[in-house]
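Hi,

Here is the structure I promised to pass on.

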Amino acid sequence: MNKKQSNRLRMLIGVSAYLAENTEIVTEIPEMSAAKNNLDGIISDINYNLNVSNTALFGKTEDKLTAHADVIKYVMALTGGLYAWAVKTGNNEIKSAANVSRSDFGKIRESEFATVVKDLVERSKEKAKDDSQELADFGVTEELITILENYLENYSSALGKREAYFGKRTGAVRSLKELFSDSINALAVLDKFAVLQSLKHKTFYHEYLVVRRIKNIGEHSAKAQPVTEVSNPTLPRAS
């Protein structure tokens with residue numbers, strides 16, 4: 001939800017709360033009460049939409065972070081063994097590749113992380129072909145490599161699901177736009193009824209205009225978009 005939508009939602013909630021505080025006036029016109037219920041339904045749908053979107057995103061992010069931590073845990077064990085082996089054997093190429101700290105892994109972009117780890121895994125498997133027992137003496141076992149590959153697969157899967165979610169989330173944004181569009185129509189009806197009630201309840205009407213203003217929260221100078229008072233309104237027809 002963008003800032004404009006957030007400001008509008010605050011206004012919608014404010015209007016709903018004000019009308020709830022003035023139930024006696026609202027219920028004088030049954031259709032005004034129905035219009036108020038319609039607005040409440042739209043607000044509820046907006047909040048539900050936001051809750052579903054945020055919960056889904058949180059879940060996908062948590063999966064990715066957990067998988068990322070698992071990969072780092074096992075790749076550090078792998079690089080530790082590779083580095084010690086490379087120092088003993090004088091293999092400067094492997095020594096340089098394995099000389100990576102935990103913080104170094106944490107700085108790698110998520111789009112490149114899997115590639116870097118896969119490269120280390122492949123180097124380990126290649127060296128194991130020559131002398132698996134020698135590497136195993138340094139802790140670089142077939143079991144360790146297999147576990148790391150499994151965790152790496154989990155990470156790639158979690159990352160893929162998160163990216164797929166962002167692609168699908170466009171639909172949720174469009175749904176929000178539709179709901180806010182519905183809210184404009186709902187408020188237009190309530191505005192007319194508020195004008196009608198101004199004939200008997202002037203204070204109610206003027207206070208209604210105040211809560212109908214959209215305040216731009218978050219800006220240095222809070223501006224408001226006023227609702228124009230209608231002198232000769234077209235009253236809503238009874239349905």
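Let's start with Lys125, which touches Ile145 and Glu149 once you leave out residues up to four places away in sequence. You'll find Lys125 in helix 6, the stretch of residues 110–136. Is Lys125 buried, exposed or partly exposed? The answer is partly exposed, since its relative accessible area is 32% and that label covers values between 20% and 50%. Another residue to look for from here is Val140: it sits 15 residues from Lys125 along the chain, and the two C-alpha atoms are separated by 9.5 Å.

Before you go further, please keep in mind that this is a predicted model.

Now the overall picture. The protein has eight helices and two strands. Of the 239 residues, 35% are buried. The protein exposes about 14,200 Å², and carbon and sulfur atoms supply 50% of that. How many of the contacts between residues at least 6 apart in sequence join residues at least 24 apart? That share is 75%.

Next, helix 3, which covers residues 30–89.

- Ile46 lies in helix 3 and is buried, with a relative accessible area of 0%. Leaving out residues up to four places away in sequence, Ile46 touches Leu9, Leu12, Leu176, Leu179 and Phe180. Ser183 is 137 residues from Ile46 in sequence, yet their C-alpha atoms are 9.9 Å apart in space.
- Ala84 is also placed in helix 3. Ala84 is partly exposed, at 34% relative accessible area. Between Ala84 and Leu135 there are 51 residues of separation in sequence and 9.6 Å in space, C-alpha to C-alpha.
- Trp85 lies in helix 3 too. What is its relative accessible area? The value is 9%, and because buried means under 20%, Trp85 counts as buried. With residues up to four places away set aside, Trp85 touches Asn91, Ile94, Lys127, Glu134, Leu135 and Phe138. Trp85 and Asp137 are 52 residues apart in sequence, with 8.8 Å from C-alpha to C-alpha.

The last thing I looked at is a pair of helices. Two packed helices are described by the angle between their axes and the distance between those axes. Here the pair is helix 1 (residues 3–21) and helix 8 (residues 202–211), whose axes come within 9 Å and cross at roughly 160°. How do the two helices run relative to each other, parallel or antiparallel? Angles over 145 degrees count as roughly antiparallel, so helix 1 and helix 8 are roughly antiparallel to each other. The crossing of helix 1 past helix 8 is right-handed.

Which residues make the contact? From helix 1 they are Met11, Gly14, Val15, Tyr18 and Leu19, and from helix 8 they are Thr203, Phe204, Glu207, Tyr208 and Val211. Sorted by type, the residues of this contact come out as seven nonpolar, two polar and one charged.

After that, go to helix 1 and helix 8 and look for the right-handed crossing.

Happy browsing!

Methods. Residues numbered from 1 in each chain as written. Predicted model: local features only at pLDDT ≥ 70, side-chain atom pairs only at ≥ 80, totals over all residues. Heavy atoms only, no water. Helix = DSSP H or I, 4+ residues; strand = E, 2+ residues; numbered from the N terminus. Buried < 20%, exposed > 50% of the residue type's maximum accessible area, 1.4 Å probe, protein only. Contact = heavy atoms within 4.5 Å. Areas by Shrake-Rupley, 256 points an atom, 1.4 Å probe, with all protein chains shown as cover. Axes fitted to C-alpha atoms, helices over the stretch in contact; angles between N-to-C directions. Parallel < 35°, antiparallel > 145°, perpendicular 65-115°, else oblique. Left-handed = near helix turned anticlockwise from the far one by under 90°. Nonpolar A, V, L, I, M, F, W, Y, C, P; charged D, E, K, R; others polar.
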